[in-house]
Amino acid sequence: MTESTGTTDLGAEDRKIVTLARSARARNGVPEGAAVRDETGRTYVAGTVELESLKLSALRTAVAMAVASGAKSLEAAAIVSEAEAPSDEDRAAVRDLGGAGTPVLLAGPDGQLRLSVTAG
């Protein structure tokens, strides 16, 4: 795992998905927001799903949205959360669609990048 200290370490496209994830979290009042970017540059944004019969993390929801929309691969994923690290399940979902080398960015609620790891 590689650690990073702020969104200034990111390129414009990665900053964009962190911002989208942060917005989803704030707008929906959920514990996590996430965004993924597919191989064509399209983005998919989601928040945590907490229904009685369905519970999904924000990142797994964003990956599912990408798949349902026809994405063939992922370039990057971002989560905004209080968590210390992306869950193994979240990384596995990104890996399933994007491959082991796909970057998974974790930012705090303030939008500052805390951690950058690969899905693998």
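Two strands count as paired if DSSP finds at least two bridges between them. In this predicted model, strand S7 (residues 103-107) and strand S8 (residues 113-118) meet that test, running antiparallel over 5 bridges. Val104 faces Val117 of S8 across the pairing. The hairpin has 5 residues between its strands, and Gly111 there adopts a positive phi near 85°.

Now turn to Ser81. This residue sits in the loop that joins strand S6 (74-80) to helix H3 (88-98). Its relative accessible area is 4%, under the 20% limit, so Ser81 counts as buried. Beyond its sequence neighbours within four places, Ser81 contacts residues including Leu106, Ala107 and Arg114. Arg25, Pro31 and Glu32 are also among its contacts.

Helix H2 (residues 58-68) comes next. Its buried residues are Ala58, Leu59, Thr61, Ala62, Val63 and Ala66.

Charged pairs complete the tour. Side chains of opposite charge can pair when their charged atoms come close. The structure contains 6 salt bridges. One of them joins Asp14 and Arg37 at 3.0 Å, N to O. This pair links distant parts of the chain: Asp14 lies in helix H1 (residues 12-28) and Arg37 in strand S2 (residues 33-38), 23 residues apart. Asp14 and Arg37 are both buried.

Arg42 and Asp38 also form a salt bridge, at 3.0 Å, N to O. Arg42 is partly exposed at 38% relative accessibility, whereas Asp38 is buried at 0%. Glu50 and Lys55 form another, at 3.8 Å, N to O. Both Glu50 and Lys55 are exposed. Through shared partners, salt bridges join Asp14, Arg37 and Glu75 into one network.

Methods. Residues are numbered from 1 along each chain as its sequence is written. This is a predicted model: local features need pLDDT of at least 70, side-chain atom pairs count only at pLDDT 80 or more; totals for chains, interfaces and linings use all residues. Side-chain values use heavy atoms; hydrogens and water are left out. Helices (H or I, at least four residues) and strands (E, at least two) are DSSP runs, numbered from the N terminus. Buried means under 20% relative accessible area, exposed over 50%, partly exposed in between (1.4 Å probe, protein chains only). Contact means heavy atoms within 4.5 Å. A salt bridge is a side-chain nitrogen of Lys or Arg within 4 Å of a carboxyl oxygen of Asp or Glu.
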